[in-house]
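Below is a short briefing on one structure. It covers a loop residue, a helix and a ligand site.

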Amino acid sequence: MIKRRKTKTVKVGSVKIGSSVPVVIQSMTKVPTVDVARCVKQIRKLANAGCRLVRIAVPTRADTAAFARLVERVSVPLIADVHFNARRAIEAIEAGAAKVRLNPGNIRKRADILRIIDAAKMHETAVRIGVNEASIRDLKGQDIPIHKRIALMLKEITRYVRLFESRNFSRLVLSAKSSDVLRTIEINRLIAEGFDYPIHVGLTHAGLPEDACVPSAAALGVLLAEGIGDTIRISVAGDPVAEAEIAKQILIALGLYERSRPELIVCPTCARAQIDVTKLARRVKKALRGIDKPLRVAVMGCVVNGPGEAADADLAICTATTKAYIYRKGRRISTVPENKIIGALLNELRNM
Ligand code: SF4
C-alpha cells in the first residue's frame, strides 16, 4: 500500500486536496469559455467521468465574465487558469473561482502578486502556483540549458511561496510540469522535499491519448508510488473525458482509486491458444459494459496455465478447442460450447 507524503489539507470550494484525503482527479474544459452552454455540458461530462475539479482558461475579460456564469450553473468547484494578466486572476476570484492557477513564469511583478494574494485571502480562494518548464526556459532572455531548468523552476516556485507566506496565506497547491518524464519526476521530488503543501502532478503536453498514456503513467506512476501527488491532471489533446479515464486507470493500478466497474484480464496468448482469444476478449469487454460491479474477469487461452492464472479472478473463461470452461473464484463450475460463452458469462455475472 502506498504511503502518501504528509501535506497540509487545502480546501478548494467543497473539495479537499492533500494527504488526508484520496487523490483528486481534475481536468480542463476545451471549448471557448464564453460559450457557456458548451462549457456547462463539458464540465458535467467531466464530473460524471470522475473529475472533482474542473479548470477553465480565462484569457480575456469576456472569459472571466463567462466564468462567473459558469460558477452559478455547475456544482463542481471551478479553477480559473490565469496567465500573464493579474487583473484576470482578481476578476476570476471575484467571480467565485474555488482556486486560481498562477504561472510564476508570466506573472512576475511583486505588486501584482500581492494584489492577487489579498483578493484570494478575502474570498477564501485557493491558489495553485503552477510553473511550467516551457514558460521559464526563456526567462533570462535566452534559452536556459536543460540542466539548469529544474533549479530555476524550484527557485520560481519558492519565490512565490515565500511571498504568499509573507501575507500568511497557506491555501496553496504547488505544481511543476515538463513534457519530459525524468525532469517531471525530479522537480516534483524536490518540491515534495521542500514544502508540505499539496502537489498537483501531471506531465504536460503529453500528446494524443494513445501516445500520452505510457509517458504519463511512467512519470506519475513513479511519483504517486513514492507518495507524491495529491491531485492529478493528465494532459492529452482532444476530448478531456479521456484525461479523466487515463487518470482513473493510473490511480486504480496503484490502488489509489476504488474500481467501480469490472476489470478484464486477458492472457497474452501463445501457441497453445486454440481459439481466437483476442476476439473473444473484445466480445467479453463489450458484454461487461453494462455491469457496475468491481469484479475481476479473466479470459485465458488454454487449460494448461489458464486455471492457475485465473485463480484470482471472480470469473474466468479458459478456452479449449470449440469449448470453454467457466471458473468462479478458481473453481470450475461449467463447460460451454464456444457459441454460448458470452451468454454463460453474463448469466454468472448477474448472480454475482
Ligand atoms: S493461458 Fe495458455 S494460451 Fe494463454 S499465454 Fe498462458 S499458456 Fe498461452
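In which loop is Asn-103 found? Asn-103 sits in the loop between S6 and H4. The model is predicted, and the points below are grouped by topic.

**Asn-103**
- Asn-103 has a relative accessible area of 1%, so it counts as buried, the cut-off being under 20%.
- Its side chain makes a polar contact with the side chain of Ser-135, at 3.2 Å.
- Leaving aside residues up to four places away in sequence, Asn-103 touches Val-82, His-83, Gly-130, Val-131, Asn-132, Ser-135 and Tyr-160.

**Helix H6**
- H6 spans residues 146–166, which makes 21 residues.
- From first C-alpha to last, H6 reaches 31 Å, close to the 30 Å expected at 1.5 Å a residue.
- The buried residues of H6 are Arg-149, Ile-150, Leu-152, Met-153, Glu-156, Ile-157, Tyr-160, Val-161, Leu-163 and Phe-164.
- An α-helix has 3.6 residues a turn, so residues three or four places apart point the same way.
- The cover over the buried residues of H6 includes strands S6 (99–102), S7 (126–132) and S8 (172–177).
- Helices H4 (110–123), H5 (133–136) and H7 (181–194) are also among the elements that cover them.
- Tyr-160, one of the buried residues of H6, is also among the residues that Asn-103 touches.
- After H6 comes Asn-168, with a positive phi near 55 degrees.

**Ligand site**
- Around the ligand are Cys-267, Pro-268, Thr-269, Cys-270, Arg-272, Ala-273, Gly-301, Cys-302, Asn-305 and Glu-309.
- By class, this shell has five nonpolar, three polar and two charged residues.

Terms used: Residues are numbered from 1 along each chain as its sequence is written. This is a predicted model: local features need pLDDT of at least 70, side-chain atom pairs count only at pLDDT 80 or more; totals for chains, interfaces and linings use all residues. Side-chain values use heavy atoms; hydrogens and water are left out. Helices (H or I, at least four residues) and strands (E, at least two) are DSSP runs, numbered from the N terminus. The expected span of a helix is 1.5 Å times one less than its number of residues. Buried means under 20% relative accessible area, exposed over 50%, partly exposed in between (1.4 Å probe, protein chains only). Contact means heavy atoms within 4.5 Å. A residue is near a molecule or strand if one of its heavy atoms lies within 4 Å of it. Ala, Val, Leu, Ile, Met, Phe, Trp, Tyr, Cys and Pro count as nonpolar, Asp, Glu, Lys and Arg as charged, and the others, Gly among them, as polar. A polar contact is a pair of N or O atoms within 3.5 Å; within protein, one must be able to donate a hydrogen and the other to accept it, and residues adjacent in sequence count only if both atoms are side-chain atoms.
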